[in-house]
Amino acid sequence: MDKKRPKNLNLITIRLPLPALVSILHRLSGLILFLILPGVLFALHLSLESQQGFQIVLGYAVHPLTKLVLIAVCWAFLHHLFAGLRHLLSDLNLGMELRQAVLINRMVLSSSLFLTFLIGMSLWWV
């Protein structure tokens with residue numbers, strides 16, 4: 001078993017199949033949600049503590065950089081939700097054929113991006 005196989009270690013040039021890309025993004029979105037949790041809990045605590053704390057959180061929420069972060073967190077939540085539902089379907093052996101799997105993965109990506117766009121537009125113009 002001394003075969004000389006070509007090795008491509010450049011991760012940028014590797015073309016991943018759609019299910020692999022959705023799976024990697026599912027893990028990335030879960031990491032984003034986990035890392036942002038202390039900040040969200042602190043903002044919730046501060047906003048519920050007093051009227052002044054609520055005004056502080058509201059002042060930060062209207063900043064454009066904060067809006068971009070909120071849009072990214074919104075994408076992470078939506079993608080994690082839809083990809084998790086895709087995993088539940090695969091646990092039930094639904095959508096296991098290639099054609100169905102590609103369709104479900106496209107639906108996960110498109111629905112998370114479309115809903116993020118809608119929520120982001122409503123967030124940005126408020």
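Okay, let's start with the rings: the count of aromatic pairs comes to zero. For a pair, rings of Phe, Tyr and Trp (its six-membered ring) need centres within 6.5 Å; planes under 30 degrees apart would be stacked, over 60 edge-to-face, and the rest tilted.

Quick note on the source: this is a predicted model, where local features need pLDDT of at least 70 and side-chain atom pairs count only at 80 or more, while totals for chains, interfaces and linings use all residues. Numbering runs from 1 along each chain as its sequence is written, and side-chain values use heavy atoms, with hydrogens and water left out.

Now the fold. The chain has four helices and zero strands, counted as DSSP runs (H or I, at least four residues, for helices; E, at least two, for strands) and numbered from the N terminus.

Look at α1 (residues 18-49) and α2 (residues 51-61): they pack at about 135°, axes 5 Å apart. Axes are lines fitted to C-alpha atoms over the stretch in contact, and angles run from 0 to 180 degrees between N-to-C directions. So what do we call that pair? α1 and α2 are oblique to each other, because under 35 degrees is roughly parallel, over 145 roughly antiparallel, 65 to 115 roughly perpendicular, and the rest oblique.

Finally, the C-alpha trace spans about 70 × 35 × 25 Å along its principal axes.
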